[in-house]
Amino acid sequence: MLTENKIPQSWGRYPRVKPAQMAPVFWRSELPNLADTQQSILPFAYGRSYGDSCLNEGGISLDVSHLNRFIAFDEAEGLLRCESGVSLADILEVMVPRGWFLPVSPGTKFVSVGGAIANDIHGKNHHKAGTFGRHVTCFELLRSNGERLLCSPTENSALFRATIGGLGLTGVILWVEFRLKPIVNAYIDMDSIRFESLDEFFDISAESDADYEYTMSWVDILIGGKGLCRGKFMRGNHNQARELAAKPMKKRLSLAMPLDLPGFVLNTLSVKAFNEAYYHVQVDKRVHKVVPYDPFFYPLDSIHEWYRLYGKRGFLQYQFVVPFTTGHEAMREILGRIRHSGEGSFLTVLKKFGDIPSPGMLSFPRPGLTLALDFSYHGKKTLNLLNDLDKIVLQGGGVVYPAKDARMTAEAFQAFYPRWHEFEQYIDPHFSSSFWRRVTPSEGALLPVMNGK
Ligand SMILES: Cc1cc2nc3c(=O)[nH]c(=O)nc-3n(C[C@H](O)[C@H](O)[C@H](O)COP(=O)(O)OP(=O)(O)OC[C@H]3O[C@@H](n4cnc5c(N)ncnc54)[C@H](O)[C@@H]3O)c2cc1C
């Protein structure tokens, strides 16, 4: 296998693992012999996972980002077939001017189609469209024994369901076919509504779910008090005006974080000050705008390498979902515990997941209230806080998202995802990850180096 000097890292820059050997794959017609290697293998695309689910310390990271070719588009059915390293940004650039949009998109467009499947990602339209995996009609999976399997809901269907949300452990996805959705133009009709409590968030959600395709909220959890939080509820639909289809999109300005900020810059006080300013910058309770899709879906993409805000020690994302029945109580406990810890989450996002079932065996989304938080890494203090949050989430019948995790215990993972045993039989015997060895430690005896070495 060829090697290159790229060091695989995840977005949170925590944990920093010893570099895996990087092995690029350039062509579907020139695939490496995966059975030959003594080390375990894990596909790596753009490293937009936050923790260690995309890392393979001491093993081989198979760089699939060069598999970035479009293969075919069936305009009648809206079916796009492309290689797995094609990014969502590439797809938007080519398909939006032709009147097509992604079925589901996360908060960054710099992820690959393969990564979108492996984490069965969700977006602002979960309540209307479910996860990305629901829109996948088939893909080709390379196993380490050289087999190339077509997987779909009807062919190799168990492997199809294991690979969706399968954390890259079932083989290399070579190409994917999935359904796009038609749009009239590149603009979104959006509302931003200020809310002053969790109850008000629920009220606005209830009023919005049926009529708005996209919903999500920025929240200030440090405000405390009876209302628990305050925030801005964002909701939107694709604009339907034909005349806007011809309107050229302004190029979006982007900045790059030039350096790692010193660790002390983001602290509870600075986060409080930011929250205060951001909440009040919108003077009216409700604002309506027509905006290009890019800033609506990807507000953070305009600051390249924004993880540097958190300094050299990196940060931890924490996203959980709890059922609606326990959601209010779990939120009260979780927010109380966070405030008590003195750790401030700089960017906190709240959303309701809908009840469209996720297709993957280990998919994270399920009906309930989901909150995504990020914390600067302050060693044990941060880790203890997140372990405590795990317990509250578990008690409330919820789960934590592996794509954003860097520290959950094996006990917690196995309680969150009891189907991990069923999933295990579909793992390719030559594949593993830092995450998987951490959460299923019995496997650690064999890997990352094969044959027990
Ligand atoms: C700013 C930001 C916002 C985000 N917002 C959201 C969000 O709203 N919703 C959400 O669900 N997620 C979100 N994420 C997480 C992100 O969408 C996922 O982690 C995504 O999987 C990253 O894709 P990637 O291409 O960078 O893959 P990587 O991070 O490199 O890898 C992710 C996983 O995919 C596997 N993989 C990659 N390519 C292949 C392949 N060809 N074959 C088999 N396995 C493969 C890897 O082994 C790994 O397990 C966000 C991340 C960031 C940084």
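This is a predicted model: local features need pLDDT of at least 70, side-chain atom pairs count only at pLDDT 80 or more; totals for chains, interfaces and linings use all residues.
1. Local features need pLDDT of at least 70 and side-chain atom pairs count only at pLDDT 80 or more, while totals for chains, interfaces and linings use all residues. Residues are numbered from 1 along each chain as its sequence is written, and side-chain values use heavy atoms, with hydrogens and water left out.

2. Helix 8 (residues 324-341) and helix 9 (residues 380-395) pack at about 170 degrees, their axes 10 Å apart. Helices are DSSP runs of H or I of at least four residues, strands are E runs of at least two, and both are numbered from the N terminus. Axes are lines fitted to C-alpha atoms, for helices over the stretch in contact, and angles run from 0 to 180 degrees between N-to-C directions. The pair is therefore roughly antiparallel (an angle over 145 degrees).

3. In helix 5 (residues 198-208), the buried residues are Leu198, Phe201, Ile204, Ser205 and Ser208 (buried is under 20% relative accessible area, exposed over 50%, with a 1.4 Å probe and protein chains only). They lie on the same side of helix 5, because their arc around the axis is only 120 degrees, taken from the directions from the helix axis to the C-beta atoms. Asp203 and Ala206 are exposed on the face turned away from the buried side.

4. Histidine 238 is in strand 13 and is buried, at 8% relative accessible area. Its side chain forms a polar contact of 2.7 Å with that of tyrosine 214 (N or O atoms within 3.5 Å; within protein, one must be able to donate a hydrogen and the other to accept it, and residues adjacent in sequence count only if both atoms are side-chain atoms).

Technical notes:
Angles under 35 degrees count as roughly parallel, over 145 as roughly antiparallel, 65 to 115 as roughly perpendicular and the rest as oblique.
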